[in-house]
Every structure is written in structure tokens, then in C-alpha cells.
Amino acid sequence: MKLGQQAMEALKAQIDGSLKQGDDLVVAGVIGIRGTQLLMQKERETLLQYFSDGFLWSTARILEKCSVSADISEIFKGKVHARYDLGAGGVLSGMWKMAEASETGLRADLRAIPVRQETIEICERLDVNPYKLLSEGAVLLGCTDGEKLVQELSHYQIPAAVIGKAVAGNDRLLYSGELTRYLERPSQDELTRFAWGGEWRKDKKWQS
């Protein structure tokens with residue numbers, strides 16, 4: 001179902017620029033970091049049933065270094081057609097929003113998306129989808145030459161990867177090995193599945 005005019009205008013206001021057909025989709029930073037940090041804080045007792053205190057401590061230290069700093073935005077200037085700072089709903093929400101606002105289709109490989117193994121393991125234990133998890137600190141970009149941008153970001157020690165491409169039409173497909181599925185309209189962030197999950201939404205920055 002297509003968005004109404006007001007909803008579309010509101011969505012476009014969230015995206016800097018617009019994808020062009022043929023653009024590479026790049027994730028700069030690592031997805032799920034902020035969500036993982038909250039899960040470790042709020043669900044610590046549950047996680048200690050599966051992980052050592054040392055594992056959680058070292059994971060917390062690692063994740064602190066994974067966010068993309070706001071002061072590196074100059075790197076992107078003039079090199080990208082579209083930018084979206086990932087937040088609630090994670091990278092899947094960001095991809096849908098960018099494609100919908102740009103009125104393009106997309107193809108994306110879930111296996112290419114930068115995600116820490118620690119996030120995957122924690123999410124597995126809590127039955128959480130890391131691709132729908134609060135991802136503050138990571139950025140979704142659309143540009144002509146994704147590999148060149150990834151290389152440039154590496155000079156700043158910023159993990160990044162080309163995860164897909166904007167294409168003609170309305171189909172938005174996600175690949176994972178031999179599996180293919182459609183990218184669905186965003187639902188609530190995975191954090192909302194927990195009793196405490198509404199607390200982080202008090203910050204209007206993440207209101208959808």
C-alpha cells in the first residue's frame with residue numbers, strides 16, 4: 001500500500017537526498033550497536049545464564065568503539081546521493097524508508113551487512129532480530145561507487161560495506177544465501193518486545 005502525500009513528505013524529510021537507480025547501498029558503521037548495549041544493560045541477568053561476566057564486559061568495551069562519529073560527516077559530502085542515520089527498526093527499516101522515499105526498488109544481501117558476532121550471539125539468546133534492532137551510530141548511504149567510499153571510510157577506521165543496489169521498479173528483495181524474501185514495511189523495533197522496551201522511545205529522536 002502506497003503512502004499518502006503527507007506521510008510521504010514526512011518520510012522524505014527523514015532522508016538526506018534521494019537514491020538514484022543503480023546506486024550502491026553502503027552501511028557505514030556497525031548495525032545494532034545501541035540496541036545491543038541496551039539489551040546488555042536491561043537483560044543482564046538473563047544473559048549471564050549464557051555468557052560470562054567477562055564476555056559481557058569485553059563486549060561493552062568493543063561496542064563503545066563501533067559507532068560512527070557525527071564529526072566525520074564531511075567524508076560523505078559530495079559523494080553520496082542519499083543518507084539516513086539508522087535508528088529505530090534497525091537497518092531493515094532504514095532500507096525500506098530510503099527506497100520508499102526515493103521511489104526505487106532495491107536488492108540487498110543480509111550477509112554483507114556489518115554486524116558484530118557478539119550482537120548476533122546476544123540476539124540469538126534473547127530471540128531478537130539484529131536487523132530490526134536500534135542501530136544508532138550506523139549510517140545508510142546511497143552512492144555511485146560504493147567500493148570507493150568503503151575504501152575511503154577504512155582510512156578513518158570506520159567499518160563499512162556495500163550491501164546492495166537501488167534498482168528500477170518497486171520490488172525490494174533481501175538475499176541470504178539461497179533464500180530470498182521481500183523487504184517489508186517497518187514494524188516496531190525489537191526492543192519494544194520487552195517490558196522496558198518503551199523507555200528508550202522517550203527520546204523523540206527515535207519516534208517513528
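Student: Is Gln 157 buried or exposed?

Tutor: Burial is read from relative accessible area, where buried means under 20%, exposed over 50% and partly exposed in between, with a 1.4 Å probe and protein chains only. Gln 157 has a relative accessible area of 67%, so it is exposed. This is a predicted model, in which local features need pLDDT of at least 70 and side-chain atom pairs count only at pLDDT 80 or more, while totals for chains, interfaces and linings use all residues. Residues are numbered from 1 along each chain as its sequence is written, and side-chain values use heavy atoms, with hydrogens and water left out.

Student: Where does Gln 157 lie, and what is its phi?

Tutor: Most residues other than glycine have a negative phi. Gln 157, although not a glycine, has a positive phi of about 60°, and its place is the loop between α7 (146–154) and β6 (160–167); here helices (H or I, at least four residues) and strands (E, at least two) are DSSP runs, numbered from the N terminus. Glu 103 likewise has a positive phi, near 55°, and is found in the loop between α5 (90–102) and β4 (105–109).

Student: How many helices and strands does the chain have, and how should I read its radius of gyration?

Tutor: The chain has seven helices and eight strands. The radius of gyration is taken over C-alpha atoms, and the globule rule is 2.2 Å times the number of residues to the power 0.38. For 208 residues a compact globule would have a value near 17 Å, and the chain agrees with this at 17 Å, while its C-alpha trace spans about 50 × 40 × 35 Å along the principal axes. Of the 208 residues, 49% count as buried.

Student: Why is helix α2 described as largely enclosed?

Tutor: Helix α2 (residues 33–42) is largely enclosed by the rest of the structure because seven of its 10 residues are buried. The buried residues of α2 are Ile 33, Gly 35, Thr 36, Gln 37, Leu 38, Leu 39 and Met 40, and what covers them includes α3 (44–47), α4 (53–64) and α6 (117–126).

Student: Which residues are in contact with Thr 59, leaving aside its neighbours within four places in sequence?

Tutor: Contact means heavy atoms within 4.5 Å. Thr 59, in helix α4, is buried with a relative accessible area of 0%, and, apart from neighbours within four places in sequence, it is in contact with Met 40, Glu 118 and Ile 122. Across the chain, residues 24 or more positions apart account for 84% of the contacts with a separation of 6 or more.
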